[in-house]
Amino acid sequence: MKTILANITTGWNFIKVIRVLAGIFILVSGIMDSKAIFILFGSGFLLFSLFTPGTCCALYQPPAPPGKSPGLKDIEYEEVGIK
């Protein structure tokens with residue numbers, strides 16, 4: 001339950017606000033016109049935009065930690081002459 005609430009309350013940016021507003025608009029216009037397909041599409045659009053942590057469905061990747069990871073080393077290469 002905490003992750004669902006965290007997905008709704010965090011990760012807000014301009015694109016997510018636009019997606020939520022578009023979902024609300026489609027849902028309300030579907031209800032006003034009594035069109036089931038628009039009600040389904042608008043509610044799906046609204047739920048996906050609210051419950052996904054990023055702006056592109058579920059393709060969210062957390063940011064990488066700063067600095068190098070301890071397992072990586074600098075590798076030195078030797079130039080090979082051309083024949």
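Modeller: A residue is called buried when its relative accessible area is under 20%, exposed when it is over 50%, and partly exposed in between, using a 1.4 Å probe and the protein chains only. Helices are DSSP runs of H or I with at least four residues, strands are runs of E with at least two, and both are numbered from the N terminus. The model is predicted, so local features need pLDDT of at least 70 and side-chain atom pairs count only at pLDDT 80 or more, while totals for chains, interfaces and linings use all residues. Residues are numbered from 1 along each chain as its sequence is written, and side-chain values use heavy atoms, leaving out hydrogens and water.

Within helix 2, K16, R19, V20, G23, I26, L27 and G30 are buried. Because these buried residues fall within an arc of 130° when seen down the axis, they line one face of helix 2; the arc is that of the directions from the helix axis to the C-beta atoms. On the other side, F14, F25, M32 and D33 are exposed. V17, also in helix 2, counts as partly exposed because its relative accessibility is 34%. Although V17 and L50 are 33 residues apart in sequence, their C-alpha atoms are 9.3 Å apart in space. After helix 2 comes S34, with a positive phi near 55°.
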